[in-house]
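Welcome! Please take a moment to look over the sequence and the 3D view, and then we will visit a few spots together.

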Amino acid sequence: MRPTIRAAVGAAAALTALILAGSAFASYSPRLVASTDVGSTSARIGVVVGANDDPTARIEIFVPAGYQIATASPGTKLGGLTATATAADFGGALLALSGEIDAIAPNAALQAQCGTTDATQTWDLHLTALAQTLDIPLYVVPTSGAETSLGGVKLVACLPPPDLPLGTPGRATFGAKLLSATFDVSAIAEPTAAGDYRWTSRWLPYNPGQGTPNPGGSVETQSIHRIPTRLKLTITKARVKAVKHVRVKGKLRTVTTVRTRVTFLSTATENGKLPATVTVTTTAGGKRVGASTGSFMLKAGQRVNVTAVAILDRQSSVPSAQTVATNDLFYANLASSLCVPSPALGGIPCVGATAAAKTITATTAVTAFKR
């Protein structure tokens, strides 16, 4: 084993053990996270699979109506990409992969293998790890029949089996089993209309150790992206007078001072609904004065900017490396009642729903009373 590979395997071993221990009794319960790329309206998509879940053979992600899908010319870079996978060839060690998603020319043979001969575009998830490259075609396929109720387009990927004997034709490189992936897609633009946009996905696992699909194990998972996200910052002011008596040159005088009590309240909503979780930090003049509600004092005539920063739906992250990174895609698991099975998918179980995390800011200038 080369030194670079040995080092990477050693560094990942402890984390892999923790992942396996924490998911020892997990069923096939993948997660889908749909968001918007930071600073733009482009889509950001994440997927998560348990380390002890059966390997995934096929993923179909339905893009809700209202999103705009551009046609990208082959050779166009569509966004960045991170992923994690366990590598059977390295004792099940966790690999952190990175790369990009590119539009590429269609490959009829690969499309036939994945059952996507009707794809209108082919995007390549191009990943690198340990000086090796892994390429996973992602097909843009128009929906038909009952599936049109889930959106006009679905993104389809077929993954090679990771748990076949070494040397078996078609086996995944490194025996790599996908655990997570996050990718940005500039070709998918967020809707402009307000609404609850429900992303739906269908997942087909392999029969473990056989390399054959297991249709009976198929599940559905969803992600709800609500537009718009808003933070309302309400400010009220009240005069606070203080009277004291002081002696000046032997004479008793009354001195009145005026200060202003500023009370603030922040309310975050997603298309008018409360988020699953919300954490707010409020500052005045750059100094922290509280969370979502509270008050502080200003001197007469003082002027400050009151800023509330709200972090919504941040519970977990789609892993991109061995430790949580600031640019990971964060999300909240929603109540099981919000995972609504789609009749178009034939009654397969809906195993979970998520909402992607968002950070929003509201700022208001406040001037204290002078007298």
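In which sense do strand E19 and E23 pair, and over how many bridges? Strand E19, residues 303-312, pairs with E23 in the antiparallel sense, over 10 bridges. Keep in mind that this is a predicted model.

**The sheet around E19 and E23**
- E19 and E23 belong to an open sheet of four strands, which run in the order E17-E16-E19-E23 with antiparallel pairing.
- The edges are taken by strand E17 (287-290) and strand E23 (358-367); each has a single partner strand, so one side of each has no neighbour in the sheet.
- From one strand to the next, the twist averages 30°.

**Thr-56**
- You will find Thr-56 in strand E3, which covers residues 56-63.
- Thr-56 counts as buried because its relative accessibility is 7%, and the cut-off for buried is under 20%.
- The side chain of Thr-56 makes a polar contact of 2.9 Å with the side chain of Tyr-28.
- Beyond its neighbours within four places in sequence, Thr-56 has contacts that include Val-49, Leu-159 and Trp-203.

**Glu-190**
- Glu-190 sits in the loop that links strand E10 (176-189) and strand E11 (195-207).
- A polar contact of 2.4 Å joins the side chains of Glu-190 and Thr-36.
- Setting aside neighbours within four places in sequence, Glu-190 also touches residues including Thr-41, Tyr-67 and His-225.
- Between the C-alpha atoms of Glu-190 and Val-248 there are 68 Å, and the two residues are 58 residues apart along the chain.

Key
Residues are numbered from 1 along each chain as its sequence is written. This is a predicted model: local features need pLDDT of at least 70, side-chain atom pairs count only at pLDDT 80 or more; totals for chains, interfaces and linings use all residues. Side-chain values use heavy atoms; hydrogens and water are left out. Helices (H or I, at least four residues) and strands (E, at least two) are DSSP runs, numbered from the N terminus. Buried means under 20% relative accessible area, exposed over 50%, partly exposed in between (1.4 Å probe, protein chains only). A polar contact is a pair of N or O atoms within 3.5 Å; within protein, one must be able to donate a hydrogen and the other to accept it, and residues adjacent in sequence count only if both atoms are side-chain atoms. Contact means heavy atoms within 4.5 Å. Two strands pair if DSSP finds at least two bridges between them. Axes are lines fitted to C-alpha atoms, for helices over the stretch in contact, and angles run from 0 to 180 degrees between N-to-C directions.
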